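Visitor: Could you walk me through this model, one question at a time?
Guide: Gladly; let us bring it up first.

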Amino acid sequence: MGNTNQFLKLESLNYGWGMVLVVFVLSGLAFGSMASISVFLKPISADFGWSRGATSLAYTVASLASALFGVIWGVVADKYGTRWFGFAGATAMSLCLYLLSTQTSLFQFYLLYFLFGALGGALLFSPLYANVGFWFRENPGLALGIAASGGAVGQAFIPHLSGYLIDSSGWQSAYLNLALIYAIIAFPIAFLIKESPWRESARDQIEPEPRSFPISEKEVVIWISVAVIFCCICMSVPIMHLVPLLTDTSFSVEFATKVLMVLMIFGAFGRIFGGILGDYIGPLPGYILMSLGQTISVVWFPQVSSVTAIYLLAAFFGFTYSGVMSSILVCTRVMVSAQFAARAMSITSFFGWIGMGLGGFLGGYFFDTEGNYIWAYTFAGIMGCINLFILSQFWFRIKREEKSLLIQGN
């Protein structure tokens with residue numbers, strides 16, 4: 001019996017790493033398309049005469065759709081599992097990209113990115129991360145970090161690919177080609193998704209799963225949700241507006257997308273490191289450390305002008321901001337139960353997407369009002385400072401409760 005249990009545990013662990021790879025690819029495709037809006041921003045706004053703020057609002061629309069529907073899909077995932085999430089998400093992404101090649105109005109532009117977020121990104125982000133996290137009982141941070149790094153890889157290469165496709169044949173053909181590429185890659189692997197045995201078992205339990213964390217699941221979600229709004233406002237300004245910032249200062253689109261690619265490549269390593277950091281020093285200290293790095297670096301983007309400095313700054317920001325992303329996932333995985341995981345990750349992601357959407361829009365708004373990006377990036381730094389303050393108070397709250405429980409135990 002012991003050998004059988006050990007074999008089943010090993011088999012489950014091996015399939016868990018397969019799930020890490022599947023979610024790596026699917027989240028990379030979804031995050032990559034979201035980031036590519038920044039590359040499509042200037043050619044589309046130039047063709048239709050839309051303002052930069054109005055065009056970048058599509059990112060906000062997609063973010064808010066991901067936020068709202070992510071909560072809905074989180075409830076569904078906790079109750080029924082994520083078996084068909086990959087297929088539905090692959091269908092939505094491919095179809096929306098195809099239709100974007102034919103859109104001719106702001107309403108259509110917003111509607112298609114709304115659908116992309118609601119039926120594509122929302123299905124492929126938090127619910128699948130929650131599933132991956134509970135395939136691993138030990139060191140889930142490493143697995144979540146690798147899975148989440150797929151988003152950074154997608155953000156690195158897909159905007160660069162989009163820029164190449166736009167330069168070659170225009171933005172309409174670029175959307176069409178991306179739709180075809182997504183269909184070829186996403187559909188075959190979408191059918192490999194399988195629910196974690198731990199999560200399946202938790203759904204069948206009548207009594208709640210025992211927890212050792214000192215504060216309630218609801219309070220954990222509230223703290224992380226409030227912090228993540230400001231955290232994501234901070235990070236979304238460069239993600240959405242780095243390419244326009246660089247091309248406004250006479251750099252080519254090719255150079256700008258290469259800088260974004262470097263930022264995201266280092267981001268892939270940052271997400272893995274953030275996950276490992278959570279396993280070794282704790283997810284919340286890791287979150288605070290990575291947040292400090294992104295806050296310090298974000299304000300410098302409008303100030304640097306040399307090629308070397310731009311690449312170095314992009315690499316550092318990418319590493320730290322992406323470490324934040326995986327730290328949030330590990331915090332939620334460690335602090336809540338398997339029964340509540342998809343809802344918890346979806347709720348915190350809801351507020352994260354609100355922050356991402358606000359940051360993306362406000363970056364464009366401040367550019368339209370000021371004529372440059374200095375205030376937009378300064379504002380991002382201020383939001384990062386607020387995030388750090390909230391996280392420090394969360395840490396003190398946990399320590400106070402741990403001390404209180406220790407006193408009661410004695």
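Predicted model: local features only at pLDDT ≥ 70, side-chain atom pairs only at ≥ 80, totals over all residues.

Visitor: At what angle do the axes of α2 and α4 cross?
Guide: Two packed helices are described by the angle between their axes and the distance between the axes. Here α2 covers residues 52–80 and α4 covers residues 106–124, and their axes come within 7 Å. The crossing is right-handed, and its angle is roughly 35°.

Visitor: How many charged residues does the contact of α2 with α4 have?
Guide: On the α2 side the residues include Leu 57, Val 61, Phe 69 and Trp 73, and on the α4 side they include Phe 109, Tyr 113 and Phe 114. Sorted by class, this contact has 17 nonpolar and five polar residues. The number of charged residues in it is none: there are no charged residues.

Visitor: Is Asp 78 buried or exposed?
Guide: Asp 78 is also part of α2. Beyond residues up to four places away in sequence, Asp 78 touches several others, among them Arg 199, Arg 203 and Arg 343. Its relative accessible area is 7%, and the cut-off for buried is under 20%, so Asp 78 is buried.

Visitor: Which residue is 9.3 Å from Phe 40, C-alpha to C-alpha?
Guide: Phe 40 sits in α1, which runs over residues 2–48, and at 1% relative accessibility Phe 40 counts as buried. Leaving aside neighbours within four places in sequence, its contacts include Ser 162, Ile 166, Trp 171 and Leu 178. The residue you want is 135 residues away in sequence, and it is Tyr 175.

Visitor: How far apart are the end C-alpha atoms of α7?
Guide: Helix α7 spans residues 171–190, and its buried residues include Trp 171, Tyr 175, Leu 178 and Tyr 182. With 20 residues at 1.5 Å a residue, α7 should span 28 Å.

Visitor: Which side chain makes a polar contact of 3.1 Å with that of Thr 247?
Guide: Thr 247 belongs to α9, residues 217–248, and is buried with a relative accessible area of 13%. The side chain at 3.1 Å is that of Lys 42.

Visitor: What is phi of Ser 250, roughly?
Guide: Ser 250 lies in the loop between α9 and α10. Ser 250 is exposed, with a relative accessible area of 70%. Its phi is a positive value in a residue other than glycine, near 75°.

Visitor: How far apart in space are Met 261 and Phe 230?
Guide: Met 261 is in α10, residues 253–281, and counts as buried at 16% relative accessibility. Apart from its neighbours within four places in sequence, Met 261 is in contact with Ala 156, Phe 157 and His 160. Met 261 and Phe 230 are 31 residues apart in sequence, and from C-alpha to C-alpha the distance is 24 Å.

Visitor: How many nonpolar residues does the contact of α9 with α13 have?
Guide: Helix α13 takes in residues 341–370, and α9 packs with it at an angle of about 35°, with the axes 6 Å apart. α9 passes α13 in a right-handed crossing. By class, their contact has 10 polar residues and one charged residue, while the nonpolar count is 16.

How values were computed: Residues numbered from 1 in each chain as written. Heavy atoms only, no water. Axes fitted to C-alpha atoms, helices over the stretch in contact; angles between N-to-C directions. Helix = DSSP H or I, 4+ residues; strand = E, 2+ residues; numbered from the N terminus. Left-handed = near helix turned anticlockwise from the far one by under 90°. Contact = heavy atoms within 4.5 Å. Nonpolar A, V, L, I, M, F, W, Y, C, P; charged D, E, K, R; others polar. Buried < 20%, exposed > 50% of the residue type's maximum accessible area, 1.4 Å probe, protein only. Polar contact = N/O pair within 3.5 Å; in protein donor to acceptor, adjacent residues only side chain to side chain. Expected span 1.5 Å × (residues − 1).
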